[in-house]
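Me: I have not seen this structure before. Please take me through the labels and what stands behind them.

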Amino acid sequence: MIIGLALSLVIGSALYTRRYLRSVVDFMAGGRCAGRYMLCAARGEMASGAVVFVSLFEVYSHAGFTLTWWQWLSFPVIAIVAASGFVVYRYRETRALTLAQFLEMRYSKSLRIFSGLLSFLAGIMNFGIIPAVGARFFVYFIGFPPELSLLGFTVSTFVLVMISLMSVTILLTLSGGQISVMVSDCISGLMDQWLFLVITIVLICMFSWTQVTEVMLVQPEPGKSLMNPFDALGLDNFNVWYVLMEMSLLIYGTMAWQNASAYNSAALTPHESRMGNVLGRWREFGRILAITVLAVAGITYMNHPDFLSDALSVRDVLASLENERLQGQMTIPTALSYLLPVGIKGLLCAVLITGVWGGDTTHLHSWGGILVQDVIMPLRRKPFTTKGHILALRLSMLGVGLFAVLFGAFFTQTEYITMWFKITTAIFVGGAGSVIIGGLYWKKGTIQGAWTAMLTGSILSIAGILIRQVYADFPLNPVQISSGASLIAISLYVVVSLLTCRKDFDLDQMLHREPKTRKQKLFIAEKHNSQPVWRRLFANFTGANKDYSTADWWIASLIIGWLFCLAGIMVLGTVWNLIDPWKPATWSTFWLWMGILIPLVISAATAVWFTYGVVRDLRVFFRVLRTEKVDADDDGSVQHD
């Protein structure tokens, strides 16, 4: 019943929104009518799918709370990037429907086609494992038999589940394009915030913290603690160096990875796009808390003596899997299947199924749209009609869905899910990061520099994939390969651009800005200096501008302040532990408060706050859609002088 209600809600919203589809902009960017809370809730639903939970369960099984400690160091940087609107604000000012369209505006048509094709190929490889991992999760979580006999043939159950989930995904995506995707994801995201709270509270009541501590303090090997980060330096992949490289790649690749490309263009204004990213930092607390509690519950259930007999049943199920990597991936999902009570299991299943649709619809829309907008359309001599254009987009998205089903059915996964995402993302982002940042902020960036960076980043990343497939013991992991490729691409972009720049590029024209006179610049400076000191400091620190209202200042200041507080705790705690190491009991109490209880309070407050914001934004969204003027020429094509 719970799953049926979720299915009805999502499909019903998608079918209702079809009536608002009137143009290519509606199909590709939701008419550019989305407010900040709508963007935040809908985009965040991508991270609520089963594949995200399974990938993070892998990380928690390997590193426990220790990775969280080091990740706090990166939080302030991520928050500042979001608050400043780095890349996102200027990109929205270009009014491009896709990233590659911006690359044509900034560089050349040939680079648009190449980057569109490269982004598409990297994207479908990245997406290829997602439906399969999600389907396997539900097979072992719900308890389906591994195989079924149909018409005399033996078929893997996960393939049938994958086909069923993908069928709904295709229906949602093709019905109204980004309008349907965004509305259904927004409603699912709002619902998930409350369900995360319910699931978290129930699990906290089911397991005592004493049981959790007894399991998490047991080390499988020396130097691999799940609670004490200073006794976890023997971890191979998910350590402090992983966090630092991931942070650098996240900043470098801001908006470069196009798995949610439509959201970059869907905002009502550039400022709403920026605030959507800021609010996303608040929304993350509830999801991360739920994943943490679920992972901790699964680990405790599998390893504590109080649950020994039940855990044996889980191990029997896992023994039927064909390889060690799949056994590791499915350990916590199978344990959750046994430990969750009726009703709560249904709630989690509903959250993850709607999350699968939220993530997969966005992937389908992005990669299918990129193939048409940035590869097929620039090569056509005759422009599409509006109806023909939308038909081509739908067929392309259908093709991406069929590819993902076939890829998932036959591909054998050997990497951690997180690591597979990193290396496939780097095929495009490794070179594109420097091209995007340079194109938006540096007037001396040239076509030659862009081509050099794109080719270098993609070639090095593809080589990394092939080497790791052939040599399992290759010393560099995917994050290290991605970081190296990005550094080389940045260097070559700068050097080649400086050598080939003959004339500065007019950024103001591309960003639809009127050049400012000296008097206007002086007026802006005087207005800035007349503000309170704390607002001036915040503006200088984050790049906040006149678009920020008083409420916006408080929202951004609070999230940045809290994330700086976490980073400060991490730095002070590190110094303290180097002088006088904390005892195991201290670490246990610390993680109870900082990892569970305080995030629970923040998540509850955020759920109430965002419910009001999302409902308000949905009303504005439909009102603007009803009254918007359709511009048939606004289809993602670039007019050259």
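Predicted model: local features only at pLDDT ≥ 70, side-chain atom pairs only at ≥ 80, totals over all residues.

Me: Why is Met38 called buried?
Reply: Its relative accessible area is 0%. The cut-off for buried is under 20%. So Met38 is buried. It sits in helix α3, residues 36-44.

Me: What is Met38 in contact with, leaving aside its neighbours within four places in sequence?
Reply: Met182, Val183, Cys186, Asp617, Leu618 and Phe621. Contact requires heavy atoms within 4.5 Å. Another residue to look at is Ile187: its C-alpha is 8.9 Å from that of Met38, while 149 residues separate the two in sequence.

Me: What makes Arg36 and Asp552 a salt bridge?
Reply: The closest N and O atoms are 2.5 Å apart. The limit is 4 Å, between a side-chain nitrogen of Lys or Arg and a carboxyl oxygen of Asp or Glu. So Arg36 and Asp552 form a salt bridge. Arg36 belongs to helix α3 and Asp552 to helix α27, so the pair ties together parts that are 516 residues apart in sequence. Both residues are buried.

Me: How many salt bridges does the structure hold?
Reply: Eleven. Side chains of opposite charge can pair when their charged atoms come close.

Me: What makes Arg112 and Asp374 a salt bridge?
Reply: Here the closest N and O atoms are 3.0 Å apart. The cut-off is 4 Å. So this pair qualifies as well. Arg112 and Asp374 are both buried.

Me: How do you know that Asp504 and Lys443 form a salt bridge?
Reply: Their closest N and O atoms are 3.7 Å apart. That is within 4 Å, so the pair counts. Each partner lies in a loop: Asp504 between α23 (478-500) and α24 (507-510), Lys443 between α21 (417-441) and α22 (447-470). They are 61 residues apart.

Me: Why are Asp504 and Lys443 called partly exposed?
Reply: Asp504 has a relative accessible area of 35%. Lys443 has 43%. Buried is under 20% and exposed is over 50%, with partly exposed in between. So Asp504 is partly exposed, and so is Lys443.

Me: Why is Thr254 called buried?
Reply: Its relative accessibility is 14%. Buried means under 20%. So Thr254 counts as buried. Thr254 is in the loop between α14 (240-252) and α15 (261-265). Its side chain reaches the backbone oxygen of Ile251 at 2.7 Å. Not counting residues up to four places away in sequence, Thr254 touches Val81, Phe86, Val87 and Val88.

Me: Val87 is one of those. What makes Val87 stand out in its phi value?
Reply: Its phi is near 70°, a positive value in a residue other than glycine. Val87 lies in the loop between α6 (75-84) and α7 (88-94). Its relative accessible area is 0%, so Val87 is buried.

Me: His512 also has a positive phi, near 55°. Is His512 buried or exposed?
Reply: Exposed: its relative accessible area is 53%. The cut-off for exposed is over 50%. So His512 passes. Its place is the loop between α24 and α25 (518-529).

Me: Why is Leu578 called exposed?
Reply: Its relative accessibility is 66%. Leu578 is in helix α27, residues 550-579. Together with Leu73, Val571, Val575 and Ile579, Leu578 forms a nonpolar surface patch of about 480 Å² accessible area.

Me: How do you know that β1 and β2 pair?
Reply: Strand β1 (residues 147-150) and strand β2 (residues 153-156) share four bridges, in the antiparallel sense. Pairing needs at least two bridges, so they pair. Glu147 is opposite Ser156 in β2. The hairpin has two residues between the strands, and Leu151 takes a positive phi near 55° there.

Terms used:
Residues numbered from 1 in each chain as written. Heavy atoms only, no water. Buried < 20%, exposed > 50% of the residue type's maximum accessible area, 1.4 Å probe, protein only. Polar contact = N/O pair within 3.5 Å; in protein donor to acceptor, adjacent residues only side chain to side chain. Patch = residues over 30% accessible without salt bridge, like charges linked within 9 Å, V, L, I, M, F, W, Y side chains within 5 Å. Areas by Shrake-Rupley, 256 points an atom, 1.4 Å probe, with all protein chains shown as cover.
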